[in-house]
Amino acid sequence: MADCLFCKIVNKEVDTDFVYEDDKVIVFEDIKPQAPVHLLIVPKTHTENLLALEDKDFDIIAHIHKVAVKMAKKYDIAEDGFRLVNNNQEKAGQSIFHIHYHLLGGRALQWPPG
């Protein structure tokens, strides 16, 4: 998508420091962190959100979870706990309509979150 910020980041049209990259996802720090560790895990292929995934595409969700565990260990938040969040649609807090997950940790997180 030409006007999608995350597609521009994936395509390296926007200067972003990736903390992890593989053939399916990129990971980078959120520009407005809500916790000491706040990473965004973004698939390289554009899909608006979970609702737009087709059956054949759900393997990306498992891969995102695998990468989240890897990042939680790398950032030393696995043992104390972390949160993995995906927002779907505007009222749920989705502001960029390219599926992505927030990995948060490094402090006690409140519940309910919003």
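**Fold, exposure and local geometry of a predicted chain**

Lys 12 sits out in the open, with a relative accessible area of 55%, which makes it exposed because that label is given over 50%, with buried meaning under 20% and partly exposed in between (1.4 Å probe, protein chains only). This is a predicted model, in which local features need pLDDT of at least 70 and side-chain atom pairs count only at pLDDT 80 or more, while totals for chains, interfaces and linings use all residues. Residues are numbered from 1 along each chain as its sequence is written, and side-chain values use heavy atoms, with hydrogens and water left out.

Lys 12 belongs to the loop between helix 1 (5-10) and strand 1 (18-21); helices (H or I, at least four residues) and strands (E, at least two) are DSSP runs, numbered from the N terminus. Its phi is positive, at about 60°, although Lys 12 is not a glycine. Most residues other than glycine have a negative phi, and most peptide bonds are trans. Gln 89 also has a positive phi, near 85°, and is not a glycine either. Gln 89 lies in the loop between strand 4 (82-85) and strand 5 and counts as partly exposed, at 35% relative accessibility. As for peptide bonds, the one from Trp 111 to Pro 112 is cis, with omega near 0°, and Pro 112 falls in the segment after strand 5.

Stepping back to the whole chain, there are 2 helices and 5 strands, and from the N terminus on they run α-β-β-β-α-β-β. The radius of gyration is 14 Å, close to the 13 Å that the globule rule gives for 114 residues, so the chain is as compact as a globular protein of that length. Here the radius is taken over C-alpha atoms, and the rule is 2.2 Å times the number of residues to the power 0.38. Along the principal axes, the C-alpha atoms fill a box of roughly 40 × 30 × 25 Å. Buried residues account for 39% of the 114. Taking contacts (heavy atoms within 4.5 Å) between residues at least 6 apart in sequence, 56% join residues at least 24 apart.

His 102 is found in strand 5 (residues 101-105) and is buried, with a relative accessible area of 14%. The side chains of His 102 and His 38 are joined by a polar contact of 2.7 Å. Such a contact is a pair of N or O atoms within 3.5 Å; within protein, one must be able to donate a hydrogen and the other to accept it, and residues adjacent in sequence count only if both atoms are side-chain atoms. Leaving aside neighbours within four places in sequence, the residues in contact with His 102 include Asp 30, Leu 40, Arg 83 and Val 85.

Gln 94 is another buried residue, at 3% relative accessible area, and lies in the loop between strand 4 and strand 5. Its side chain makes a polar contact of 3.3 Å with that of Asn 49 and reaches the backbone oxygen of Ile 96 at 3.2 Å. Beyond four places in sequence, Gln 94 is in contact with several residues, among them Glu 48, Asn 87 and Gln 89.

Finally, Val 69 is found in helix 2 (residues 59-74) and is partly exposed, at 38% relative accessibility. Val 69 and Leu 103 are 34 residues apart in sequence and 9.4 Å apart in space, C-alpha to C-alpha.
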